[in-house]
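Have a go at each one before you read its solution.

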Amino acid sequence: MADEPMVPIDSPIAGDQVAEVNLPASANPNSPYAWPKERKILSTRVNRIDGPLKVSGRAKYSYDVKRPGLLYGRILRSPHPHARITSIDLAPALAMKGVKAAVTIAKPGGKVMYVGDEVAAVAAATEDQARDAARAIKVEYEVLPFLASVEQALRPEAPPVFDGGNVKASQTEEEGNLQAGFAAAAHVVEQTYNTQVQTHVSLETHGCVCEWEGEKLTAWVSTQAVHGTREGFATSLGIPQANVRVITEHMGGGFGSKFGPDVQGIACARLAKEAKAPVQLMLDRREEHLAAGNRPSAYAKIKAGVSADGMLTAFDAETWGTGGAGASSGFPLPYIYTFPNRRRVHKDVYINAGQQRAMRAPGHPQGCFITEMLMDELADRVKMDPIEFRIRNLPPQAPNAMWREYFKVGASKFGWDKRHATGDPAPGPIKRGMGCAANRWGGGGRGTQAQCEILPDGGVVVRCGTQDLGVGTRTLIAVIAAETLGLQVKDIKVEIGDSNYPFSGGSGGSTTAPAVSPAIRVTVSKALQELATRVAPAIGVPAAQVTASNGRVHARDAPSKGLSWADACKRLQTTPVSVNAAWEAGLSASGSSGVQFAEVSVDVETGVAKVDRILCVQDCGLIVNQLTAESQCIGGMIMGVGYALYEDRILDRNTAAQVNPNMEWYMVPGMSDIPKIDIMLMNQPERGVIGIGEPPTISTAAAIANAVANAIGVRVRSIPLTPQKVITALGERAGGTL
């Protein structure tokens with residue numbers, strides 16, 4: 001395995017973003033638990049086993065948990081972007097009807113750093129009482145200077161707001177000889193590109209229900225990590241982890257923003273302790289936008305050179321962005337393509353706004369958008385087709401780097417040969433165009449443990465301390481267990497989302513499928529081996545020759561010689577098979593690659609752009625469930641449409657308050673905005689399981705932006721591509737200056 005191509009790790013410039021995983025790019029075919037070559041359920045289209053619960057409203061989320069005597073919590077948040085707290089008086093709130101508890105979160109003498117920063121919390125018998133009580137808390141502030149935008153923070157005269165400075169210089173990356181690279185260039189492009197701050201907009205907001213029994217805490221949390229959240233509660237509250245149980249039966253999305261109890265979770269637990277009653281504290285939509293994380297902005301001032309024959313020669317970039325109040329803004333650049341001579345200098349700019357958190361493919365959509373826009377501009381300079389230009393400048397092809405092949409098969413299916421040169425010459429106000437972009441991601445995972453029980457009545461229960469964010473993990477586990485035992489998916493009972501189950505890591509960075517799938521395969525295989533040991537005498541062959549398929553347990557070389565699954569399990573009598581096991585190397589890998597194509601229509605009289613269709617060509621190793629893998633792609637691309645055209649956290653330059661912290665003015669795609677989507681999933685069973693949650697969202701915005709430029713003949717170098725930006729660029733048709 002040492003010679004396997006490795007997946008690159010994100011540059012250290014990515015700061016505290018979720019890093020990709022560096023693992024071999026292929027699985028080990030000699031693993032004793034290797035995936036079957038002849039698959040009956042794996043890689044087929046399996047409906048979600050929790051689908052009926054969700055469409056009928058019977059699935060229970062944290063918001064639906066109603067414990068006896070339940071109280072409701074609310075948080076008081078700062079109205080100021082930067083202030084020192086001089087006093088907090090909880091007494092007026094505690095004196096109000098229905099109020100059972102109040103706690104401070106910030107301390108007098110401490111600072112709040114953005115509008116929405118947490119100050120205190122209350123619990124009351126009703127939500128209205130809690131909301132009124134939060135407003136009754138008396139807080140005195142010493143208002144301090146603040147920074148509402150990147151531009152304000154970069155000014156020489158900007159007030160010093162953050163310890164250590166408003167701007168933090170990061171690393172300089174340099175390779176090759178820039179001077180020689182630009183000397184070899186026949187054409188040079190110098191432009192500035194930027195992307196906006198995007199919030200997560202999880203359908204289910206952050207929050208939990210906390211209930212104490214003596215010194216033991218049970219918390220029903222909307223989280224991407226039940227074990228990580230248990231650790232967070234224990235550490236923050238100073239209690240043993242064994243005293244904490246975290247449950248996430250169902251979850252309505254997190255996209256990287258829900259890995260721990262968070263401030264509201266700890267406040268909820270403290271309120272429940274003080275009130276001696278269970279408390280539910282769920283954030284509202286405004287709080288989600290202000291304080292629950294976001295994707296940082298990105299800016300890049302780039303000078304890049306290309307030779308007359310279309311080979312990249314040099315790349316020199318100054319980049320910056322903001323992750324909010326004291327948080328980083330890293331992103332990989334240049335992205336995918338090979339610049340032999342390059343330099344990049346990055347800096348983080350701090351402003352008084354809510355901090356960034358990991359968000360689906362952290363850093364990659366920004367790096368992809370900037371690089372892919374640049375690639376199209378360079379292709380235009382040498383008058384070369386954008387796909388031919390990209391293929392010339394790709395890294396060598398490898399199992400985790402298949403862009404060269406995917407661009408070709410995707411172009412054929414999409415009808416790329418019908419693409420016109422930049423600027424639709426057709427008459428009328430509606431202009432059409434095509435664009436493309438590539439993506440990459442790690443997607444490896446490890447460390448998951450699981451338990452499998454085979455019961456005397458034939459029942460099979462698989463337990464694992466992972467969680468289903470809404471992506472189909474529950475079904476994935478059932479598919480693998482059923483395939484391994486020769487049963488149907490309906491025969492498997494899956495129990496997940498509980499920190500009392502065997503450990504599994506947080507679900508982020510496309511690590512869940514490659515961490516969980518091998519653990520289930522190994523655990524269930526060992527359970528089958530134990531069953532074989534106990535029924536082999538009845539079958540009349542050594543246990544090593546016993547296998548299971550088509551609902552039977554039988555001799556491997558003589559399928560007629562065996563027992564039905566039910567009869568085999570009856571021979572367990574009163575003692576079930578119970579096996580605990582864990583992830584083993586060789587069944588999963590990391591490193592995925594993909595490309596996307598977009599076609600758009602743009603009304604040059606109104607500036608409104610509409611995405612007509614998208615084609616996604618994507619690999620993810622062995623496809624466990626074709627249906628849920630396609631669903632991941634669809635969801636990622638719809639998120640990419642929002643990133644390209646609509647979503648933008650807007651702060652008031654005079655108050656640093658977000659002016660669109662809702663679902664009315666923070667726009668996300670509606671049903672009518674979703675284009676025709678085609679997906680070509682490239683099955684690579686020899687590579688084992690690789691995650692697919694991140695890649696499909698990475699390149700959508702870049703492909704759309706390039707398609708818009710192809711349609712209207714000028715380039716808008718900033719997203720979202722609002723009608724105003726399009727109209728302005730058209731007005732500056734000599735190249736577009738946005």
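In what follows, two residues are in contact when they have heavy atoms within 4.5 Å. Keep in mind that this is a predicted model.

**Exercise 1.** Work out how helix α12 and helix α13 pack, and which residues meet.

*Solution.* Start by finding the helices: α12 covers residues 473-485 and α13 covers residues 512-539. Next, look at the geometry: their axes lie 9 Å apart, at an angle of about 35°, and the crossing is right-handed. Now list the contacts.

**Exercise 2.** Describe the second largest pocket and what lines it.

*Solution.* Begin with the space, which comes to about 770 Å³. Then go to the lining: there are 29 residues, with T484, L528, T547, A548 and R556 nearest the centre. Sorted by type, the lining has 14 nonpolar, ten polar and five charged residues. As for where they sit, α12, α13 and β22 (546-549) each supply at least two, and α13 gives the most, with six.

**Exercise 3.** How many aromatic pairs does the structure hold? Pick out the one made by Y299 and W320 and describe it.

*Solution.* The count is six. Y299 and W320 are 5.5 Å apart, centre to centre, with 5° between the planes. Planes under 30 degrees apart count as stacked, so this pair is stacked. Last, trace the chain: Y299 is in strand β15 (residues 298-306) and W320 in strand β16 (residues 312-321), 21 residues apart.

Notes. Residues are numbered from 1 along each chain as its sequence is written. This is a predicted model: local features need pLDDT of at least 70, side-chain atom pairs count only at pLDDT 80 or more; totals for chains, interfaces and linings use all residues. Side-chain values use heavy atoms; hydrogens and water are left out. Axes are lines fitted to C-alpha atoms, for helices over the stretch in contact, and angles run from 0 to 180 degrees between N-to-C directions. Helices (H or I, at least four residues) and strands (E, at least two) are DSSP runs, numbered from the N terminus. A crossing is left-handed if the near helix is turned anticlockwise from the far one by less than a right angle, and right-handed if clockwise. On a 1 Å grid over the protein atoms alone, a cavity is a set of points where a 1.4 Å probe fits but cannot get out, and a pocket is an open set with protein on both sides within 12 Å along at least five of seven lines; lining residues have an atom within 4 Å of a point. Grid points are joined across faces, edges and corners, and a volume is the space filled by probe spheres set on the points. Ala, Val, Leu, Ile, Met, Phe, Trp, Tyr, Cys and Pro count as nonpolar, Asp, Glu, Lys and Arg as charged, and the others, Gly among them, as polar. Rings of Phe, Tyr and Trp (its six-membered ring) pair if their centres lie within 6.5 Å; planes under 30 degrees apart count as stacked, over 60 as edge-to-face and the rest as tilted.
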